[in-house]
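Notebook open, structure on screen.

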Amino acid sequence: MHSKRLGWIFLAPTLVILFFFGVVPFVYVVFVSFHQWNPFAVNPEMVFNGADNFRRIVFDQAFLNSLGVTVLFVVFAVFSQLVLGYLLAQAFMRDFPGKAIFRTIHTLPLIMAPIIVGSVWKLMTTPSIGIIPHYLDEWFGITMNIGTSAVAAFTTIVIMDIWHWTPLVTLTLIAALVSLPPDPFEQAQIDGAGKPQIFWHITLPMIAPAMIATVFIRLMDALRTVDEVWMLTGGGPGSATRFLGVHIFREVFPKTNYGYGSTISVIVLYLTIVACWLLYVTMLAPRNNRRSEED
Amino acid sequence: MSLALKYGASALALSVAATAAYADGHAAWWKEAAAPYQGVTIRGVTESSPPSQYIREVLAPEFEELTGIRVDVETTSWDQMFDKGIKDMEAGTGIYDMVYIEQDIIYSYLARDFLTNLTDFLGENPELRAPTYDEANFTTFADYFKDGDGDLYGVPMEAFLKVYLYRKDLFENAEIQAAFKEKTGRDLVPATTHTEYSEIAQFFTDYGKANDLELWGTTAQAHTGHVASWYEYYESVAPTFGVYNWGIDANNNYAASVANGGAMNGPEAVEAMEWWLSMRDIAPPESPASTWTEVGTTFGAGRAAQGLVYGENAGWIAADETKSLVVGKVGVALPPLADGVKAAAEAGDGYIGYYDGGAFGMPHSSKNKEATALFLQYIGQNEVQPDWAVAAPRVTHTATYDDPKVVAFNEELGGYYDLIKDKGYLFAGAPAYPFHAQVREATAPIFYQILTGDLAPQDGLDQMAAAAEATLTELGYRN
Amino acid sequence: MRKSSPIIGVIFWCLISFLTLFPIYWLFVISVKPAVQLFSTPDLFVTDPFWGNYAKVWGDRLLRSYMLNSVIISTGNAMLCTILGFFACYALSRMNLTGKESIFFWTITNRMAPPAVFLLPLFLLMTQVYTVGEWKLLDTRIGMILVYCTFNLPFAIWTLRPTVDAIPRELDEAAYVDGASTWKVITEVVFPLCRPGLAVTLILTWVFAWNEYLLAATLTNFEARTLTTGLSEYVTTTGTEWGIMATISVFTLIPALIVFGLVQRHIVAGLTCGAVKG
């Protein structure tokens, strides 16, 4: 079939680039993960140590703690972004004065680099002199100190992430919503369906692929978050916001623990893939397959 | 406007002055020595601190004009700087001809043999040896960049002390003095012991509260997620209680715990921790989120009456009106000490605080060693030092102290240069550990838990000592 | 579309916009405050703006070259990823390729990798393997454009796939019946209908590339340094120059706003496309 060959030609550049910049480094990381390697050890060379690193990780309290707070962060942040993002996208489907301006404003957080976001929020939340703790104290008598309160630091990061990334969800969902054909909705209204019914039985199934794709992106990006947290709390207080991205960064950058750091990364990557794969096969793949079978 | 730290606008003026003074001297030698390397570009990486900025903005262009050798300096953040240098030297790529070596990482680099022996290199290439460069010109700080044979591996370019800063205007205020005397029965003078320091700190925190001022009695670099807090404790607090070199005994199989012969979790370490935490509790509320950056700004904003502040910051706090509200109101003194620590430091058995700084070294992987050696000597001359010391307060050469410009600036800084000159020997750099960052990172998470109160000082220090020993064993230093 | 009172809509959006804009407003406030005022009681409004930081940043030759690098790298990368992603999605959506769902899923795994640990192999590859004679990929714009594909290409493929899938095959088939070539079907039928999706993908890939920090910090030195790495120069042991950082950040918003302005129109255009389709 001629279109098969053409299909591979279309895919080829993508596969080639991802091979050289994704797969090759990955193979290297997997290789290193079976070694003890710290360039500042007495023996600075790579030493093969079998599955020792993998055995160690299972009992590594610091890693497990980091995994825990990361999962908590991802769940809170991504779920809120999805709900808020969807509601805002729906709101943008209506007509109201100044819509274009509001939509532009709403996308502004996206154009700020994570390290800038982290810096601004750090200055806004500096205990006692940042604007937020200052006015919380002055107006409501609430003390907020992200240096001492784990809850305050964690919540600040979740809110910061929601602020930063909800527009991404809104934007992709707008793109999905505007391409929906109007017929099913008209038909449903004629049939007398209520709003919740329309949402559950028509809108949701139709935008599910876009929604899941967005959740995927947010999920894996949240799992990799480094820059903002690095600037804002550095992982503190204690290890309350030491997310996996920060944990791995500390392990391989300042500590130069390349061997074990690689192991953590491989495990994290593996867990991410498994989680996403489960989500994918249960929700998205059946749909895609059905489509393919229609050919 | 004071003499101040204007490497920006006044840099050009300074450079013109410097070159002019210089031209009649040895310009011919530089031109001749550099002739074979015309058009070469040498590249360096450094943290973007004021002294490095001065190299990039003033010394490098000056050198290029004189010799035709171009110098590109990549300035980056503190975290990135190490990583980039290490990756380059580890892989032998040769991206950099010069790397910034902070004093605490030199032992790691020497252990891995990353750096060129500058003494040998210049000995083997006499035609490159500048008449105005001499290793003997450096202050004793240069000793940190020498190996066992006394050969130099880095040209010092900055050196600071972490000093005790206090607010002269408050300490000399008659009303405050009287109130203090009434309350404590002592005169209000800079503290020499920890008890005195606590008393003053408590007094000013209460004073601030009573008078509704944004004023507290001490600073604390006590960030609960950044290594700055770890450093404050190990560099500046523990030594004043007699716990040196992080409490790890290098001569005793790198023991950290008391049980094995170390001092990391000993009674002095616990006492130091408890004292420091009690100071943190009466410091400004931002302290648990303060790194060296915020401590400097806290003091510069006039929010603290006294504190331990890095010398890098002492300069702008005391003299730069665009950044500091306490210009002209700053005094410097030696940190408060426990009994016997000063005597130990004078005898060379201990130290009272941190002597901090950095140098430029030349990696083995450099591809332009000759041209780089010329530039390193250029920035290592006595002649370029005074302007540099005024633009970015650091002194690396003995002769610099006596320069009229520096003497005048010393006044503005409340005698900070005198302190380095006269008392510098009491301070020390980081311990000679090739595993500096590794042990720090292994113990820091536990340290933060002590700060957040999740661990009691004794328990936390016990765990830290255990973690340090485990890491040292893993790395192969401890058997 | 459904109707509701426009006033409530506007009030609602004003509130949302206030929350959205506040941190950006605060960024601006920091940029026009002299350093000496930063660590005192915060005022909500700036009464006496200080423009010194702007003069400093505007006059900085290095920052201008960083800005140019950032624009070239993110634009190049966004275009590359959007185009390659579109063709990949077309193949995945329309052609019956063996294992295509696995390939589709595999592409996204490239974005999942925690970046820190991949820096070392990328550094080694770009200095020692992906080289031509003396020339190496490290510290080049083209190198960064390719490296950024590891996270942006999967993103493009995943956001474009639903868009391409949603275009009814009947339209392709109708064009084939009319005698159009595959190329013509793609460029004249599918591509125009995908415009909203393509616009969103282009914007977002551009933004991801523009904002990236860690990879750029490690893999560039002199020639290809980007604005985000320029920002990190102001975080030092002698203190962080918040004012300058904020000023640079304000400058970085300008090109981003222009790109948004240029591309957003196509999202609106998508509205009419959808209507026509129905």
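Before looking at any helix pair, I wrote down the handedness rule: a crossing is left-handed if the near helix is turned anticlockwise from the far one by less than a right angle, and right-handed if clockwise. I also noted that this is a predicted model.

**Entry 1: a helix pair in chain B**

I started with helix H11 (residues 267–281) of chain B and helix H20 (residues 457–475) of chain B, whose axes are 9 Å apart and pack at an angle of about 125°. That angle makes H11(B) oblique to H20(B). I then applied the rule above, and the crossing of H11(B) and H20(B) is right-handed. Which residues meet there? From H11(B) I listed Ala269(B), Val270(B), Met273(B) and Glu274(B), and from H20(B) Pro457(B), Gln458(B) and Leu461(B). Sorted by class, this contact has 5 nonpolar, 1 polar and 1 charged residues.

**Entry 2: confidence in chain B**

I checked pLDDT next. Chain B has a mean of 90, with 95% of its residues at 70 or more. Which elements of chain B have the lowest and the highest mean pLDDT? Helix H1 (residues 11–23) of chain B has the lowest, at 46, while H11(B) from my previous entry has the highest, at 97. Residues 1–21 of chain B have pLDDT below 50, and I noted that this stretch still has 38 contacts in the model beyond near neighbours in sequence.

**Entry 3: chain C by itself**

I counted 13 helices and 4 strands in chain C. Its C-alpha trace spans about 70 × 65 × 30 Å along the principal axes. Chain C has 278 residues, and 54% of them count as buried. For contacts in chain C between residues at least 6 apart in sequence, I found that 77% join residues at least 24 apart.

**Entry 4: chain C against chain A**

Here 86 residues of chain C are in contact with 89 residues of chain A. On the chain C side, the elements giving two or more residues include helix H1 (6–31), helix H4 (61–94), helix H7 (141–166) and helix H13 (242–277). H13(C) gives the largest share of that side, 14 residues.

I then picked out one helix pair across the two chains. The axes of helix H9 (residues 195–224) of chain A and H7(C) come within 9 Å and cross at roughly 175°. H9(A) and H7(C) are therefore roughly antiparallel to each other. In H9(A), the residues that meet H7(C) are Pro209(A), Ala210(A), Ala213(A), Phe216(A) and Ile217(A). Their partners in H7(C) are Phe155(C), Trp158(C), Thr159(C), Arg161(C), Pro162(C) and Asp165(C). This contact has 8 nonpolar, 1 polar and 2 charged residues.

**Entry 5: Pro114(A)**

Pro114(A) is in helix H5 (residues 114–125) of chain A. Is Pro114(A) buried or exposed? It is buried, because 24 other C-beta atoms lie within 10 Å, and 20 or more is the cut-off for that. Leaving aside neighbours within four places in sequence, I found Pro114(A) in contact with Asp227(A), Glu228(A), Asn211(C) and Tyr213(C). I also checked Trp230(A), which is 116 residues from Pro114(A) in sequence and 9.8 Å away, C-alpha to C-alpha.

**Entry 6: chain B against chain C**

I found 30 residues of chain B in contact with 23 residues of chain C. H4(B) gives the largest share of the chain B side, 6 residues. The chain B side divides into 7 nonpolar, 14 polar and 9 charged residues.

A cis peptide bond joins Gly236(A) and Pro237(A), with omega about -5°. I placed Pro237(A) in the loop between helix H10 (227–232) and helix H11 (244–252) of chain A.

Asn253(B) has a positive phi, near 60°, and is not a glycine. Asn253(B) lies in the loop between helix H10 (227–237) and H11 of chain B, and it counts as partly exposed with 15 C-beta neighbours inside 10 Å.

Asp139(C) also has phi near 60°, a positive value in a residue other than glycine. I found Asp139(C) in the loop between strand E2 (135–136) and H7 of chain C. Asp139(C) is partly exposed, with 18 other C-beta atoms within 10 Å.

How values were computed. Residues are numbered from 1 along each chain as its sequence is written. Chains are lettered from A and ligands numbered from 1 in the order in which they are written. This is a predicted model: local features need pLDDT of at least 70, side-chain atom pairs count only at pLDDT 80 or more; totals for chains, interfaces and linings use all residues. Two residues are in contact if their C-beta atoms, placed from the backbone, lie within 7 Å. Axes are lines fitted to C-alpha atoms, for helices over the stretch in contact, and angles run from 0 to 180 degrees between N-to-C directions. Angles under 35 degrees count as roughly parallel, over 145 as roughly antiparallel, 65 to 115 as roughly perpendicular and the rest as oblique. Ala, Val, Leu, Ile, Met, Phe, Trp, Tyr, Cys and Pro count as nonpolar, Asp, Glu, Lys and Arg as charged, and the others, Gly among them, as polar. A residue is buried if 20 or more other C-beta atoms lie within 10 Å of its own, exposed if 12 or fewer, and partly exposed in between; C-beta atoms are placed from the backbone. pLDDT is the predictor's confidence in each residue, from 0 to 100.
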